[in-house]
Amino acid sequence: MTTSPQTSTAHPGSTGRTRTSQTRAAIVTGASRGIGRALAERLAADGFAVAVNYASRAADAEAVVAAIAAAGGRAIAVAADVSDPAAARRLFDETEAAFGGIDLLVNNAGIMTMLPVAGADPGAVQREFAVNLMGSFNTMQQAANRLRAGGRIINFSTSAIALALPGYGPYTATKAGVEMLTRVLARELKGRDITVNAVAPGPVETDLFLNGKTEEQIRFLAGLNPFGRLGQPGDIAGLVSFLAGPEAGWVNGQVIRANGGMA
C-alpha cells in the first residue's frame, strides 16, 4: 500500500530526480529479538513499515509487531529461513504484497557458535556458513533486483574479524565474506541509486553474544574498548538509522566498525 502521491525533492546522494512520497518499507532479517528487534523498532519509529523476519521464534516476532503497532507504526511478521533461496524470495514477495514495494534490507540474521578450527563439527560449520553468508547472499540477491531506486542495503559483519580470537574462525570467516559481498554489490548496482554498506559491531549485550561465554570471557571482551562496557542494541540501531536515512546517501561500499573504539 502507498500513501497519496505528493511531490517531494530527492534526498542527498540521489540522482536528483523528483520523487513522489510513498510508504517506505524495510525488511529486517532475524528481527525477533536482540539487535534485530532494536533495529525493527527504531526503523518503525523513523517511519518505515517493517517486515519483521524470523526463522523459528514466531511468538517473539509477533511481540515485536505488537510493540511497533502500539507505538503507532506498521509491521508484519514473516517466517523465512534466509539460508533457503526460495524462503528468501518469499520474504520479499510477502513484504511487497503488504507494503507495495521495498526500500531497505537490513541483513541482521545470523548465528554465532564458538567453533575451534581443528575440532569443529563440519555440520555446525556448514550451518553457520549457510545462515550467515549464504543467507545474506540470498537476500542481497533479491534486494539487488527488487529494491526501489534510492534504496539501501545494510549488511552485518563483526569487529571480531580484527581480533582473530581462538574459537571465532568459522564465524569471522562468514562475516569476512559478507564484507566482500558488500563492497562488490555496491559497485554492481552502479546507476541504480542504491547504497550497500555493512555494520560491524563489537560485543553487544544480547543472548546471541552471551550464550556459551563465561563471566571471565564477558569481562575480557567488555574491557577491550575504552568505555569498558558491552555495546547495547540501541547503539547499533542508531547507526543503522543513519545509514537508512537521507543523510547517508554518499556513504557506499563501506564497512563501519561500531565497537566503542575496540579495534
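Select strand 3 (residues 25–28) and strand 4 (49–54). They pair in the parallel sense over 4 bridges. Two strands count as paired if DSSP finds at least two bridges between them. Helices (H or I, at least four residues) and strands (E, at least two) are DSSP runs, numbered from the N terminus. Now pick A25, whose bridge partner in strand 4 is A49.

This is a predicted model, where local features need pLDDT of at least 70, side-chain atom pairs count only at pLDDT 80 or more, and totals for chains, interfaces and linings use all residues. Residues are numbered from 1 along each chain as its sequence is written, and side-chain values use heavy atoms, with hydrogens and water left out.

**Stop 1: the sheet**

V28 stands opposite V106 in strand 6.

In what order do its strands lie? The order is 5-4-3-6-7-8-9, an open sheet of 7 strands with parallel pairing. At the edges are strand 5 (75–79) and strand 9 (255–258), each pairing on one side only. From one strand to the next, the twist averages 20°. Strands of a sheet pair through backbone hydrogen bonds, either parallel or antiparallel.

**Stop 2: two faces of strand 3**

Show the side chains of strand 3. In a regular strand the side chains alternate between the two faces of the sheet. Here A25 and I27 are on one side, and A26 and V28 are on the other. Are these four buried or exposed? They are all buried, and both faces of the strand are covered. Buried means under 20% relative accessible area, exposed means over 50%, and partly exposed is in between (1.4 Å probe, protein chains only).

Next, select helix 1 (residues 34–45). It lies across strand 3, strand 4, strand 6 and strand 7 (152–156). Its direction is about 175° to strand 3. Such angles run from 0 to 180 degrees between N-to-C directions, with axes fitted to C-alpha atoms, for helices over the stretch in contact. Contact means heavy atoms within 4.5 Å.

**Stop 3: the nonpolar cores**

Colour L43, V50 and V52. Of the 31 residues in the largest nonpolar core, these touch the most other members. A nonpolar core is a set of buried Ala, Val, Leu, Ile, Met, Phe, Trp, Tyr and Cys residues joined through side-chain atoms within 4.5 Å. Suppliers of at least two residues each include helix 2 (58–70) and helix 8 (233–244). Strand 3, helix 1 and strand 4 are also among them.

Zoom in on V52. Not counting residues up to four places away in sequence, V52 touches V28, A40, V64 and I76, among others. A second, separate core has 25 residues, including A25, A109, I153 and V196. In soluble globular proteins, nonpolar side chains tend to be buried together.

**Stop 4: the largest pocket**

The largest pocket holds about 880 Å³ of space. On a 1 Å grid over the protein atoms alone, a pocket is an open set of points where a 1.4 Å probe fits, with protein on both sides within 12 Å along at least five of seven lines; lining residues have an atom within 4 Å of a point. Grid points are joined across faces, edges and corners, and the volume is the space filled by probe spheres set on the points.

Which residues lie nearest the centre of this pocket? They are N108, A109, G110, I111 and L208, from a lining of 41 residues. Helix 4 (122–146), helix 5 (169–188) and helix 6 (207–210) are among the elements that each supply at least two lining residues.

**Stop 5: along helix 4**

Select N132 in helix 4. N132 counts as buried, at 0% relative accessibility. Beyond neighbours within four places in sequence, its contacts include A109, G110, I111 and Y171. Then pick A124, also in helix 4. A124 counts as partly exposed, at 27%.

**Stop 6: loop residues**

Go to A164, in the loop between strand 7 and helix 5. It has a positive phi of about 50° although it is not a glycine. A164 is exposed, with a relative accessible area of 66%.

Finish at D193, in the loop between helix 5 and strand 8 (195–201). Its phi is also positive, near 60°. D193 counts as buried, at 14% relative accessibility.
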